[in-house]
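Dear colleague,

I am handing over the structure below, together with some notes on what was found in it. Please look through it before reading on.

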Amino acid sequence: MPSATLFQGPSLTVRDYRCDAGPHDRPFPEQHDSCCMAFVRRGSFGYRVRGRTHELVAGSVLIGHAGDEFVCTHEHHRGGDECLSFHFSPDLADVLGRGTTAFQQGSAPPLAELMVMGELAQAAAEGNSGVSVTEAGLLLAERCVELLTGRKHRSAPLQRRDRRRAVEAALWLDAHSHEPVGLTDAAAQAGLSSFHFLRLFAGVLGVTPHQYLVRARLRQAARLLVDADRSVTEIAYAVGFEDLSNFVRSFRRAAGVPPTAFQRAARGDRKILQDRIDASR
């Protein structure tokens, strides 16, 4: 099955799977090398594991347990399928599973609560969300475990040291925002797992680490657009964006105007600002 690795870290790997198998293709046994959850974004397929057969359609979540042998079948659908798959390290799977058998369930049905989280993850994978694909994957997994087990994750009350950790992490992200840092890097600096760090940071500061990182980059970009005699492309890469179109899209969403217009307005083009004010009335 063709796949593309979108992210790979010590505790979480994100892959995009696209399968074009149909009813006439012979199924074959495979084995999960890690605990995983895969959001089915298109198509359908059968999934045989632990003596049970699951029929997955768009919006379903395939759930795999490390070491389990499985077979995927395509006898009901000719158009193939596509999945966004999250693979967890043993330690992270233990944290997410919280001592339950969640990763042995085989699948979760296309529940509204999971479909919206899956689409958030897909948007993040495409660069169209304020959260990162790793953050979205953890949120999807957490919600899936909650729904399968009926046990909502409850965080302990935030302590002074927790707040200090979150603030220090924000300062570290701000200082390194021009570098290719992510959730795993910031969590390591805080001495926490990615999952616990995400919950702690968001609980204290009200935004996810990725949202804070992107906004720190946008703040630096706005300053450079005002003060520096540099092109928009140069500024985008200088503040840490790896894709120019993503920078333009993110800046326009934040400022209401594209960076080129913002730069002209900062240099005295009052018509742009007036047009923006008029449009908001």
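By class, the residues that line the largest pocket divide into 14 nonpolar, 12 polar and 7 charged, where Ala, Val, Leu, Ile, Met, Phe, Trp, Tyr, Cys and Pro count as nonpolar, Asp, Glu, Lys and Arg as charged, and the others, Gly among them, as polar. This pocket holds about 940 Å³ of space, and of its 33 lining residues the closest to the centre are Ser132, His210, Val214, Arg217 and Asn246. Helix H7 (209–227) is one of the elements that give two or more residues to this lining, and H7 gives the most, with 7 residues. A pocket here is an open set of points on a 1 Å grid over the protein atoms alone, with protein on both sides within 12 Å along at least five of seven lines, whereas a cavity is a set where a 1.4 Å probe fits but cannot get out, and lining residues have an atom within 4 Å of a point. Points are joined across faces, edges and corners, and a volume is the space filled by probe spheres set on them. Helices (H or I, at least four residues) and strands (E, at least two) are DSSP runs, numbered from the N terminus.

The model is predicted, so local features need pLDDT of at least 70 and side-chain atom pairs count only at pLDDT 80 or more, while totals for chains, interfaces and linings use all residues. Residues are numbered from 1 along each chain as its sequence is written, and side-chain values use heavy atoms, with hydrogens and water left out. The mean pLDDT (the predictor's confidence in each residue, from 0 to 100) is 91, and 93% of the residues reach 70 or more. Confidence is lowest in helix H11 (residues 270–280), at a mean of 57, and highest in strand S6 (residues 61–64), at 98.

Strand S2 (residues 12–19) has 7 of its 8 residues buried (under 20% relative accessible area, with a 1.4 Å probe and protein chains only), so S2 is largely enclosed by the rest of the structure. S2 pairs (at least two DSSP bridges) in the antiparallel sense with S1 over 5 bridges, and with strand S8 (residues 81–88), also antiparallel, over 8 bridges.

With best regards

Methods: Buried < 20%, exposed > 50% of the residue type's maximum accessible area, 1.4 Å probe, protein only.
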